[in-house]
Amino acid sequence: MKHLLGLEDLSADEITRILNDAEGFVGVGVGTIPKRDDLKGKVVANLFFEPSTRTRVSFGLAARRLGAETLDFSPGGSSTAKGETFIDTAKNIEAMGVNAMVIRHSSPGAPHVLTRHLLPHVHVVNAGDGAHEHPTQGLLDILTIRQRKRRVAGLTVGLVGDIAHSRVARSNIHGLTKLGAKVIVCGPTTLVPSEVAGLGVEITHDLDAILPRCDVLNLLRIQFERQRSGLFPSIREYRLLFGMDGDRMRRAKPDVLLLAPGPINRGVEITPDAADGPNSAILDQVTNGLAVRMAVLSLLCGEG
Ligand code: NCD
């Protein structure tokens, strides 16, 4: 594997390989488990043209725990403000001698474009491109499901919320269906594009109807920054119809697993009692994200 651009491009075996590798990276560099030197002498550049907390910090930490040097770019305070293009920015950072570029950008396909402009030895990792894909988020979601449920095949996973604008939804759909899970997408009619039916998922607009069937619910944030206005009447109505709360928890399977990629909007897609309760694996997802990113960086540019 040269780049990681999306889970759509990977086979079930390739996804399983990354998940298995990631299990071996959980806890590396923490407490008594030593750091590793898979990326010794390598430089990993983080180019984040959109805001990020978890993804950005964990790619940096993952690279350093594998012995790499890291550099961080964000457009604020950079020459982007003077009109420098995205490709020129990337090529100038490349000229400092980097081995991998982790890129987040609001334009779908930006990481794919980069692969055509960079030197052949530079690996590109998509850390979220517009509403298209966010492959490491999909992988860490699936790893968390596998850890908690001991399997993926045969499970029913509900993706709830703003499917239209969610790259997390698309990466989850590709990864989960390849590994044999049943995926139900659920959200307001204006936020569930009909073409997702072509990706092998069931579509519903009624969360209450699917609650008793779901083993996992992945609660997605409404991507206000990517929306035209007026796609749903109000946050209050959204919360009433699609918010996960104590009442819906009582009607869900007792062992339903709650995931959310973060950032969560408490009281909108999920209430604090559900987010912080025993069924929630939201912070496990963050821990697993580090392991998944170590596995991906090691696979792409490690010596092993
Ligand atoms: C997601 C993203 O940026 O796509 N967050 C993340 O990476 N953890 C989801 C979101 O912003 O809602």
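## Around the ligand

Proline 261 uses a backbone N or O atom to sit 3.0 Å from a nitrogen atom of the ligand, a polar contact being a pair of N or O atoms within 3.5 Å (within protein, one must be able to donate a hydrogen and the other to accept it, and residues adjacent in sequence count only if both atoms are side-chain atoms). Glutamine 137 brings a polar side-chain atom to 3.3 Å from a nitrogen atom of the ligand. With threonine 55, a polar side-chain atom lies 2.9 Å from an oxygen atom of the ligand. On its own the ligand exposes 320 Å², and the protein buries 93% of that; the areas are Shrake-Rupley values with a 1.4 Å probe.

Keep in mind that this is a predicted model, where local features need pLDDT of at least 70 and side-chain atom pairs count only at pLDDT 80 or more, while totals for chains, interfaces and linings use all residues. Residues are numbered from 1 along each chain as its sequence is written, and side-chain values use heavy atoms, with hydrogens and water left out.

Who surrounds the ligand? The residues around the ligand include Arg54, His134, Val168, Gln223 and Gly262, where being near takes a heavy atom within 4 Å.

## The largest pocket

The largest pocket has a volume of about 370 Å³. The search runs on a 1 Å grid over the protein atoms alone: a pocket is an open set of points with protein on both sides within 12 Å along at least five of seven lines, a cavity is a set where a 1.4 Å probe fits but cannot get out, and lining residues have an atom within 4 Å of a point. Points are joined across faces, edges and corners, and a volume is the space filled by probe spheres set on them.

Its lining has 20 residues, with Arg104, Arg167, Arg221, Gly262 and Pro263 nearest the centre of the largest pocket. By class, the lining splits into five nonpolar, eight polar and seven charged (Ala, Val, Leu, Ile, Met, Phe, Trp, Tyr, Cys and Pro are nonpolar; Asp, Glu, Lys and Arg charged; the others, Gly among them, polar). At least two lining residues come from each of α2 (54-65) and α6 (167-178), helices being DSSP runs of H or I with at least four residues, numbered from the N terminus. Where does this pocket lie? Domain 1 (12-133 + 286-301) and domain 2 (135-285) both give residues to the lining, so the largest pocket lies between them; the domain bounds come from an automatic or database assignment.

## The second largest pocket

Next comes the second largest pocket, with about 220 Å³ of space. It is lined by 16 residues, and Ala275, Asp276, Ser280, Ile282 and Leu283 are the closest to its centre. Helix α11 (residues 282-301) gives the largest share of this lining, five residues.

## One cavity

How many cavities of 30 Å³ or more turn up? The whole structure has one, and the largest cavity holds about 50 Å³ of space. Among its lining residues are Arg54, Gln137 and Pro261, and Arg54, Gln137 and Pro261 also surround the ligand.

For the largest cavity, α11 gives the largest share of the lining, four residues. Domain 1 and domain 2 each put in at least three residues.
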